[in-house]
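Please keep the sequence and the structure in view while going through the numbered points.

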Amino acid sequence: MSGMIEVEGVVYDYPAVRALHGVSFEVQAGAVLALVGPNGAGKSTLMRCIAALDVPTEGTIRVAGLDVEEDPRGVHAAIGYLPDFFGLYEELSVRKALTYAARSRGVPVSETAAAVEMAAARVQLTDRLEARAGELSRGLKQRLAIAQTIVHQPRVLLLDEPAAGLDPEARRSLSDLILSLSKDGMTIVVSSHILAELEDYSTQMLMIRDGAVAGGGVVAAGSGHRDGQRVEVTFAEPPLDLAERLEKLGVTVEQTTGDTATLLLPEGEDDSALLGKLIAAGLKVRSFQAARKTLEDAYLAEVAR
Ligand SMILES: Nc1ncnc2c1ncn2[C@@H]1O[C@H](COP(=O)(O)OP(=O)(O)OP(=O)(O)O)[C@@H](O)[C@H]1O
């Protein structure tokens, strides 16, 4: 295996319950993996094991090539981990909280001030550096917590339910932040119950159920997962013989309901060419959208397996 995160045969036992039953998967560098699954499935336990905070009962985990059991400190330096319930030092200013986080994650004294500024800028907290952590809103506290986890510029970021308790605007800015961290090359694992939101930034999905990998393991998902063969078109003033007219253009009509048609494109045909054909045929196109296989579709397909 040669992934940024390699999990092999991981079993984890709490005193009274086996939480993970031989979990194996791999996450490639640069991926944004959505870790999904019902309550109690074992997602948080798995994250803590990857973060080298809990030692698996059996199996191995390597992060950035480092074994979590042999070199937990090396792993701590390579990752940023935001637990599902995080605490902040509420009395500290944002600057002091980030300085403390940087020093405790091994950033050298000479580089700390720059690292603090960089992390604050990354989460758009530069203008709040002197504010007390305790007086920030929930959304800004979340951003501070994330800034603390990235202040040492980790290669891997683990976010456990990061959107819990955030309002829609704060969620949107969290999504934007995750996307921009991903563009910088960070490998990111995010767990959440809100699939629609994971959709915005995930490139892959892994479903955990009853402590085991469910479905087909790591599957493509989210933004990179467009089902280009299917297009949904809405027409203004649709003619009565809409389906026949569409078929004459060489597309397969999957279904028509009122003013909307779902079309299957021939293999290799570009959807913009189809749009041109529809307009040239005199049809009034009101909207035209390549149907997307949502993360929810992928999730439900996995559940059904
Ligand atoms: N500290 C603990 N002590 C004992 N059992 C635990 C502990 N933490 C979790 N468990 C149990 O381990 C199993 C997996 O829990 P875990 O929190 O990892 O799941 P999860 O998928 O993160 O759930 P959620 O989505 O509700 O946070 C559950 O049966 C849970 O009750």
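1. Two strands are said to pair if DSSP finds at least two bridges between them. With that term in hand, consider β6 and strand β7 (residues 156–160), which pair in the parallel sense over 4 bridges. Within this pairing, G80 stands opposite L157 in β7. The model is a predicted one, and the remarks below should be read accordingly.

2. On confidence, the pLDDT of the protein chain averages 88, and 92% of the residues score at least 70. Where pLDDT is low, the predicted coordinates should not be read in detail. For the complex, the predictor gives an ipTM of 0.96 and a pTM of 0.78.

3. As to the overall picture, the protein chain contains 10 helices and 14 strands. Its C-alpha trace spans about 70 × 45 × 30 Å along the principal axes. Of its 305 residues, 37% count as buried. Among the contacts with a separation of 6 or more, 67% are between residues 24 or more positions apart.

4. How is the chain divided into domains? Domain 1 covers residues 5–223 and domain 2 covers residues 227–291. The C-alpha centres of domain 1 and domain 2 lie 42 Å apart.

5. The strands β6 and β7 of point 1 belong to an open sheet of 6 strands, in the order β6-β7-β8-β3-β9-β10, with mixed pairing. At its edges are β6 (79–82) and β10 (212–220), each of which pairs on one side only. From one strand to the next, the twist averages 15°.

6. Helix α5 lies across β6 and β7 and runs at about 155° to β6. Helix α6 (residues 168–183) lies across β3 (32–36), β7 and β8 (187–191), and runs at about 155° to β8.

7. A further open sheet has 4 strands in the order β2-β1-β4-β5, and its pairing is antiparallel. β2 (18–27) and β5 (66–67) each have a single partner strand and stand at the edges, so one side of each is left without a neighbour in the sheet. Strand β1 (residues 5–13) and β2 run antiparallel and are joined by 7 bridges. In this pair, I5 stands opposite V27 in β2.

8. Which residues of helix α3 (residues 94–104) are buried? They are V94, A97, L98, A101 and A102. These residues lie on the same side of α3 because they cover an arc of only 135° around the axis. After α3 comes G106, whose phi is positive, near 85°.

9. Q124 is not a glycine, yet its phi is positive, about 55°; Q124 is placed in the loop between α4 and α5. D210 also is not a glycine, and its phi is positive, near 50°; D210 is found in the loop between β9 (204–209) and β10.

10. Are Q124 and D210 buried, partly exposed or exposed? A residue is buried if 20 or more other C-beta atoms lie within 10 Å of its own, and exposed if 12 or fewer do. Q124 has 14 C-beta neighbours inside 10 Å and therefore counts as partly exposed. D210 has 14 C-beta neighbours inside 10 Å and therefore counts as partly exposed.

11. Finally, G139 is a residue of helix α5. Because it has 17 C-beta neighbours inside 10 Å, G139 counts as partly exposed. Which residues does G139 contact, leaving aside its neighbours within four places in sequence? The contacts of G139 are with L166, D167 and A170. P56, by contrast, is 83 residues from G139 in sequence and 33 Å from G139 in space, C-alpha to C-alpha.

Definitions and conventions: Residues are numbered from 1 along each chain as its sequence is written. This is a predicted model: local features need pLDDT of at least 70, side-chain atom pairs count only at pLDDT 80 or more; totals for chains, interfaces and linings use all residues. Helices (H or I, at least four residues) and strands (E, at least two) are DSSP runs, numbered from the N terminus. Two residues are in contact if their C-beta atoms, placed from the backbone, lie within 7 Å. The arc is that of the directions from the helix axis to the C-beta atoms. Domain bounds come from an automatic or database domain assignment. Axes are lines fitted to C-alpha atoms, for helices over the stretch in contact, and angles run from 0 to 180 degrees between N-to-C directions. pLDDT is the predictor's confidence in each residue, from 0 to 100.
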